[in-house]
Amino acid sequence: CLEHYKDAISNSKQADEMMVAKTVFNGTIRTGGYVAPEDFDTNYNAYGTTRLYDAIIDGRKRMLDYMEQLRNAGTNVRACMVILTDGVDVGSQYRIGDARQAIEDMISKEITVAFIAFGQDAFGIADQLGIKKQNVKEVSNDESELRRIIDLVSKSAISASKKASSGVGGSDDSGFFDI
């Protein structure tokens, strides 16, 4: 499914205006760094441990640091964090309240936060994290459904990039999936 995401983003008209990163969170947190869509690494394996809250906190810091670098270089920046999870956190040093605060901070800094929930447990976690309901999609964990949701994420990211390029969009953090 990540290959499908890469292809959709890479083949969009906005590809040269976009940077993407992937954070794999299991017993450790591994961020691939921001790259052009065509250089996106599609490998993934969580190995059963999921440090969800630590990954959100780490992702927030990395995203804000990178946004600051780009803005200092005179680049217009619009960022989105999309979290894909079953909602189970195992092994985080941070707690859900810390992750909620990080999400509130991102939203206050005009970063859209979206959530792909694999099952009802994850849907409840999205609510506890303070992610707006219109930015949450619940999906089943099968290949067809994963392809469908990754296609939606791709189109939503492309739409957000178009809005940023045209100066439309702003800071309302709503309707990421409204394309």
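Tutor: Gladly! Axes are lines fitted to C-alpha atoms, for helices over the stretch in contact, and angles run from 0 to 180 degrees between N-to-C directions. Helices (H or I, at least four residues) and strands (E, at least two) are DSSP runs, numbered from the N terminus. This is a predicted model, where local features need pLDDT of at least 70 and side-chain atom pairs count only at pLDDT 80 or more, while totals for chains, interfaces and linings use all residues. Residues are numbered from 1 along each chain as its sequence is written, and side-chain values use heavy atoms, with hydrogens and water left out.

Student: Why are α2 and α3 called roughly parallel to each other?

Tutor: Their axes come within 8 Å and cross at roughly 25°. Angles under 35 degrees count as roughly parallel, over 145 as roughly antiparallel, 65 to 115 as roughly perpendicular and the rest as oblique, so α2 and α3 are roughly parallel. Helix α3 covers residues 96-108. Residues making this contact (heavy atoms within 4.5 Å) include Ile56 and Leu64 of α2 and Ala99 and Ile103 of α3.

Student: What makes the pair of tyrosine 5 and phenylalanine 40 edge-to-face?

Tutor: The structure holds 3 aromatic pairs. Rings of Phe, Tyr and Trp (its six-membered ring) pair if their centres lie within 6.5 Å; planes under 30 degrees apart count as stacked, over 60 as edge-to-face and the rest as tilted. For tyrosine 5 and phenylalanine 40 the centres are 5.6 Å apart and the planes at 70°, so this pair is edge-to-face. Tyrosine 5 lies in helix α1 and phenylalanine 40 in the loop between β2 and α2, so the pair ties together parts that are 35 residues apart in sequence.

Student: And why is the pair of tyrosine 34 and tyrosine 66 called stacked?

Tutor: Here the ring centres are 4.5 Å apart and the planes at 5°, so the pair is stacked. Tyrosine 34 is in the loop between β2 and α2, and tyrosine 66 is in helix α2, 32 residues apart.

Student: How do you know whether tyrosine 34 is buried, exposed or partly exposed?

Tutor: Buried means under 20% relative accessible area, exposed over 50%, partly exposed in between (1.4 Å probe, protein chains only). Tyrosine 34 has 26% relative accessibility, so this residue counts as partly exposed.

Student: What makes serine 154 buried?

Tutor: Serine 154 has a relative accessible area of 0%, so this residue is buried. Serine 154 lies in helix α5 and, leaving aside its neighbours within four places in sequence, is in contact with Tyr5, Ala8 and Ile9.
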